Amino acid sequence: MNPRTSQPDHLFKLFGSVLLDILERALSRNGDNGDARSTATDIARSLFDTLKPRDVLEAMLAARLVAAHCAAIDGYARATQPEVAEVMVLRLRANAAAVSRSFDAALRTLARRRAPVAQPRAERPAAPPARQSAAAPKAEPPPTIPGWPAAMAQEQRRNAWCDTTSLTTAQAPDLAAHLATCAADGIRSPAEPSIR
């Protein structure tokens, strides 16, 4: 038994030899003589063995890779022949490019199958606190605003500092009450900020 697969070794070897026979027939042309056919067989076997398939599925992928590569090279080679019509040249090149993409996809599939299985990640430690950016600090309102009492809360000073400050609906009643108090005390206040 092959330790990586559940198939017995003799079945795996038989399947590989059947795939190689199919590849040899696919790669040899009808008009090829014995030497050319033998060369094609040797090339196919060498390419197949280089991929070192570990199981039946990898053997099928390896056979597809060899067939696709040889078909792409054959298509490009035939497209360069002088007696081939221009329309046929374009078809041969397009077919070779499509077969090349098939080769790339099968190669990626084989690589994914052979990639080590990722271990589950351990829980990450808590992220460190975010650092303050190097940007200039936001300008704070002056400690006292002319015409306003000194006992204002920080948030009220921020809201009153700029007359274009937009207030939320929650802040508006506080400011309105403060402005009413100022008006009752006779303190002149700046223009009211707009309410969003």
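## A surface patch to start with

A patch is built from residues that have over 30% relative accessible area and no salt bridge, with like charges joined within 9 Å and nonpolar side chains (Val, Leu, Ile, Met, Phe, Trp, Tyr) joined within 5 Å. Here, Leu-11, Leu-14, Val-18 and Ile-22 make up a nonpolar patch on the surface, and together they show about 340 Å² of accessible area. Such areas come from the Shrake-Rupley method with a 1.4 Å probe, and for residues only the protein chains shown count as cover. One of the four, Leu-14, sits in helix H1.

## What you're looking at

This is a predicted model, where local features need pLDDT of at least 70 and side-chain atom pairs count only at pLDDT 80 or more, while totals for chains, interfaces and linings use all residues. Residues are numbered from 1 along each chain as its sequence is written, and side-chain values use heavy atoms, leaving out hydrogens and water.

The protein's mean pLDDT is 75, with 61% of its residues at 70 or more. Confidence is highest in helix H4, at a mean of 93, and lowest in helix H5 (residues 154–161), at 61.

## The overall build

You'll find 6 helices and 0 strands here, giving the pattern α-α-α-α-α-α along the sequence. Helices (H or I, at least four residues) and strands (E, at least two) are DSSP runs, numbered from the N terminus.

Of the 196 residues, 26% count as buried. Buried means under 20% relative accessible area, exposed means over 50%, and partly exposed is in between (1.4 Å probe, protein chains only). The protein exposes about 14,100 Å², and carbon and sulfur atoms supply 58% of that. Now for contacts, meaning heavy atoms within 4.5 Å: among those with a separation of 6 or more, 58% are between residues 24 or more positions apart.

## Inside the core

In soluble globular proteins, nonpolar side chains tend to be buried together. A nonpolar core is a set of buried Ala, Val, Leu, Ile, Met, Phe, Trp, Tyr and Cys residues joined through side-chain atoms within 4.5 Å. The largest one here has 16 residues, and Leu-23, Phe-48, Leu-51 and Val-66 have the most contacts inside it. Helices H1 (9–27), H2 (34–50), H3 (56–79) and H4 (86–114) each give two or more residues to this core, with H3 giving the most, at 7 residues.

Take a look at Phe-48. Leaving out residues up to four places away in sequence, Phe-48 touches Gly-16, Leu-20, Leu-23, Pro-53, Ala-59, Ala-62, Ala-63 and Val-66.

## Glu-58 and its arginines

A salt bridge is a side-chain nitrogen of Lys or Arg within 4 Å of a carboxyl oxygen of Asp or Glu, and the count comes to 5. The side chain of Glu-58 meets that of Arg-54 at 2.9 Å, N to O, and Arg-54 is partly exposed at 26% relative accessibility.

Glu-58 also bridges to Arg-113 at 3.9 Å, N to O. Arg-113 lies in helix H4 and Glu-58 in helix H3, so this pair ties together parts 55 residues apart in sequence. Arg-113 is partly exposed, at 34% relative accessibility. A further bridge joins Glu-58 to Arg-114 at 3.2 Å, N to O; this pair also links H3 with H4, across 56 residues. Arg-114 is partly exposed, at 32%. Through shared partners, salt bridges join Arg-54, Asp-55, Glu-58, Arg-113 and Arg-114 into one network.

Definitions and conventions:
pLDDT is the predictor's confidence in each residue, from 0 to 100.
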